[in-house]
Amino acid sequence: MSTAEKTHDPRRRLRTLWANPQIRYPILMIAYLAVGGSLYSLGFSRFPEAAPELGQITALIVHKFIGLFTDLTTHRDATVTLSGFPVLIIVECVGVLEMVIYSACVLAFPAPLRAKLWGVPLGCAAIFGFNVLRITTLLVVGRYQNDYFDFFHVYFWQATLIAMIVSVLYAWIKLFVHR
Amino acid sequence: MKKSLLIILCFVVVSIGLTWFWNEWARESYGYFLKAVGPPIYKMIGFQDAPVRALRTRYINFVPFVSLLLVTPGLALKRRSIGLVLGLFTIFVSHLVLNLTELLQPGRSLPVIPSIASDAFPFFVWIFVAYPVLAKFLPVASEPSSEETDETDS
């Protein structure tokens, strides 16, 4: 096969494209996201009681965490209160969406399986930890600087969501992939 | 370590500023813009009944993309500027697509899968634009081509 034929061979071109991580990584990520998103959606539609339970568990953990520093916190179902300022934790606030996106990033990354097997659960735990900090900060802002609550609620949602994923992913690459 | 912390700090400062800008001014203006621009585009592609309420809370995903792109170190100015413009346009197109989910589920919130798509989308666009820098994190076999490496600042 001549060089010209080689470059026009569609299968070869496809393979060359696939070998390019700039193309392969986002495609694999989209595929894993679609699978993760579908499982998430299916899971909550089959077990609708899981959503409020996740909120309740997160609220309990936030309550326990704040309880390490002050006894001004109370907790009931999915609501945590700091000195009279309540926050209701809905399913979107528990960090599962972030975990799905992060897991897709890890699974699509060209790394050994062992690194991925460590990366997914540890990273999800780290994201959960960040999320507890995020909710705690919101409670503190809501209680002591209430005028800024709406702003921080928006800020600690979209902007920090990506920052959380990028920083945990960076840590995983540094600790498990580039050791 | 020091450099990573500085990047995180920059991200925090830039994203707080952009979130303030979005909340105070851009959100409302963007809503008017979408309402003006959306219907003719939908009509053109055969979705003339698609409502454009422009209130959906996830339209803020411009903020993480711009913040990430601005604080990514070592990206050539040309790639950063073109990437910023094209990225913003791509995210705008994604909003038009995501807005079509109003036909299935009206309201301020997006359904689950579009929510994930909306949250992850700025990240995808950033990966694509900042690839020459991010490629350094990939295993050696997947190093970027010399052409891509040339585009980055040293």
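Visitor: In which order do the 3 strands of the open sheet in chain A stand?
Guide: The model is predicted; local features need pLDDT of at least 70, side-chain atom pairs count only at pLDDT 80 or more, and totals for chains, interfaces and linings use all residues. Residues are numbered from 1 along each chain as its sequence is written. Strands are DSSP runs of E, at least two residues, numbered from the N terminus, and two strands pair if DSSP finds at least two bridges between them. Pairing in this open sheet of chain A is antiparallel, and the order is β1-β2-β3.

Visitor: Which strands of chain A stand at the edges?
Guide: An edge strand here has a single partner strand, so one side is left without a neighbour in the sheet. That applies to β1 (73–76) and β3 (85–88) of chain A.

Visitor: How many bridges join β1(A) to β2(A)?
Guide: Strand β2 covers residues 79–82 of chain A and runs antiparallel to β1(A). One of the bridge pairs is A:T73 with A:L82. The number of bridges joining β1(A) to β2(A) is 4.

Visitor: At what angle do the axes of α3(A) and α5(A) cross?
Guide: Axes are lines fitted to C-alpha atoms, for helices over the stretch in contact, and angles run from 0 to 180 degrees between N-to-C directions. Helices are DSSP runs of H or I, at least four residues. The axes of α3 (residues 21–46) and α5 (residues 96–108) of chain A come within 8 Å and cross at roughly 140 degrees.

Conventions. Chains lettered and ligands numbered in written order. Heavy atoms only, no water.
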